[in-house]
Amino acid sequence: MPQHLERGEGATLAVVVCIVLILFVFPLGLLGQVAFRDGVAPILAALDTRAVPRALWNSLESSGLSALLALVAGTGVALILGLTDVRGKGTFAFLFLIPMMVPPHVTAIAWIQALGPSSPLLQTLGLAPPLGTTHPLYSREGVILLLGIQHAPLVFLVVLAALRSLPREMSDAARVSGARAGQMLRRIVVPLLAPTLIAGYALAFVSALGNFGIPALLGIPARYTTLPVLIWQRLASFGPSVLTDMAVIAALVAVIAVAAVVFQLWLSSRRRNALIGPPQPSLDIRLGRARPIVEGILAATVLATLVLPITALFTTALVPTYGVRLNAETATLSNFAEILFRQSVTARAFLNSTFIAACTAVLLAGFAMLVARYAAARTRATRRFGTGLSAVAEMTYAIPGLVISVAFILAFIKPLPLIGVSIYNTLWIILLAYLCAFFAIALKPVTAATLQLDPALDEAARTAGAGYIRRLVRITFPLVLPAAVSGAILVFLTAYNEVTVSALLWSSGTETIGTTIFNYEDGGYTTLASAMSAVTVVATVFLMGALDWLGRHAPPGVVPWRL
């Protein structure tokens, strides 16, 4: 490849390789080296204990069943919005995606307050169960249900994108032949979607496998421990072999996640259906008199999965003490004032999260534009290099956030060589872990936009004598900037509220919004946790609205929910 590089391209390539080595290869390679230093003996020893096999089974059970629930719900909504003539498709798509953007621990807190016997919302409505009643969500079923609700939008996005690219020749032929909507769905659309459904299930499974917030808040009271929660508990134990124990369990989670992705790719390749012809506008099946009923079902789903928990969250945030009924006498804004103006830890958490999320978004947007340029290069060797980096990003995204945290602890717990400075227990280690965990989110829209660029622009500039750097700055970057900004907002949304990566990396002074909310709820300060969660939900919806507006000026497919 070096003989094909232009002036300036080699230096850019060296920077990209250094970043990849620091962010991906070194920490994850060190994790594998620590976990498998003695072969598979540490894994077998961990499986010989009582806690690890039970947590492993709980992880597989909750991930498998919740992914199935997410697959059914997400596919159903995608088929309705993607194939029928229901009204308000854009609004419904936007509302269905909000639960995915809301952090899992906030989702858990909202549902705990929506259904519990101390729920201010149910008490206000006179529907609360008697005090002392066991909360229905503190159970195995509660963990599976909320994981399914949390990840159904992921499946929805994947299936909706596949429906957009589904050619209409076969469906049109079936309609001309007199096939009804149900027959066409069973015999044509669903078989063609089989690889997509497999991919959607695998995505929901891997996401549930690495989820920390929901199993921690719902599973611990029910003694239903999953592997990510066990890693967090092992870190809290401060034993002499804590790092090795965490590395072994983290490697076990990573192996399961990677195996699931590889199995999904193999299964999808065997079920791949060759399609002829370019993508065309999606079907518009007339529902006739059933349309109001279908729209009512969609609205009821939004009410049950979004409005109910968010309303409960705000209701709890507006009462002085958890369990007090909300009315004109008890309503107060003191919890919001406490977390916004009085508590130094919350102010620090907002500042830390804003700073880290903004840095992550900006840095990844720039790095994604460089990598996407390599992935769309005209020479085969350079293009393979870019494609390989994209594959690394995809594989890293499949690895749960807690595993990445353990890898970065192992990599940076000692002072950096040569300069002797340690970044452990600082914001910088959280920033590096975010860069590793969320790179795939920034890369996807930029790669899609870069592949749509006309190569003639670059060739014309090259003929006019423009060098590599000048073409990069004057042509490529301005054209893919809307996609890069969209990806950056998605990264900011994800990093701003996350708790899985930072749960093991934060310390006093480096609290994030996610860890502060989790600690408030875990410590019994439910109203403060609710107020802080309510603020993050408002910020999330505002940012999603900004991204939706920006999507009007970006290439198709850059903002995932725009129809």
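At 12% relative accessibility, Glu-295 counts as buried. In this predicted model, Glu-295 is the partner of Arg-291 in a salt bridge whose closest N and O atoms are 4.0 Å apart.

A search of the whole structure finds nine salt bridges. One of them connects Arg-140 with Glu-61, with the closest N and O atoms 2.8 Å apart. Distant parts of the chain are linked by this pair, since Arg-140 is in helix H7 (residues 140–164) and Glu-61 is in helix H3 (residues 51–83), 79 residues apart. Arg-140 has a relative accessible area of 30% and is therefore partly exposed. Glu-61 is buried, with a relative accessibility of 13%.

A salt bridge is also formed between the side chains of Arg-342 and Glu-338, with an N to O distance of 3.2 Å. Arg-342 and Glu-338 are four residues apart in helix H15 (residues 334–342), which means that about one helical turn lies between them. With a relative accessible area of 55%, Arg-342 is exposed.

Helix packing was examined next. Two packed helices are described by the angle between their axes and the distance between the axes. Helix H14 (residues 291–317) packs with helix H5 (residues 104–115) at an angle of about 80°, and the axes are 8 Å apart. H5 and H14 are therefore roughly perpendicular to each other. On the H5 side, the contact is made by Val-106, Ile-109, Ala-110, Trp-111, Gln-113 and Ala-114. H14 contributes Ala-304, Thr-305, Leu-308, Pro-309, Ala-312, Leu-313 and Thr-316. Classified by residue type, the contact of H5 with H14 comprises ten nonpolar and three polar residues, and no charged residues.

Helix H16 (residues 344–375) and helix H17 (residues 380–398) form another packed pair, with axes that come within 6 Å and cross at roughly 130°. This angle makes H16 oblique to H17. Val-371, Tyr-374 and Ala-375 of H16 take part in the contact. The H17 residues involved are Thr-382, Arg-383, Phe-385, Gly-386, Thr-387, Leu-389 and Ser-390. Of the residues in the contact of H16 with H17, five are nonpolar, four are polar and one is charged.

A disulfide is a covalent bond between the sulfur atoms of two cysteines. The structure holds zero disulfides. Cys-18 is in no disulfide, and the nearest cysteine sulfur, that of Cys-436, is 16 Å away. Cys-18 is partly exposed, with a relative accessible area of 44%. For Cys-359, the closest cysteine sulfur is also in Cys-436, at 17 Å, which is too far for a bond. The relative accessible area of Cys-359 is 22%, so Cys-359 is partly exposed.

Definitions and conventions. Residues are numbered from 1 along each chain as its sequence is written. This is a predicted model: local features need pLDDT of at least 70, side-chain atom pairs count only at pLDDT 80 or more; totals for chains, interfaces and linings use all residues. Side-chain values use heavy atoms; hydrogens and water are left out. Axes are lines fitted to C-alpha atoms, for helices over the stretch in contact, and angles run from 0 to 180 degrees between N-to-C directions. Helices (H or I, at least four residues) and strands (E, at least two) are DSSP runs, numbered from the N terminus. Angles under 35 degrees count as roughly parallel, over 145 as roughly antiparallel, 65 to 115 as roughly perpendicular and the rest as oblique. Contact means heavy atoms within 4.5 Å. Ala, Val, Leu, Ile, Met, Phe, Trp, Tyr, Cys and Pro count as nonpolar, Asp, Glu, Lys and Arg as charged, and the others, Gly among them, as polar. Buried means under 20% relative accessible area, exposed over 50%, partly exposed in between (1.4 Å probe, protein chains only). A disulfide is a pair of cysteine sulfur atoms within 2.5 Å.
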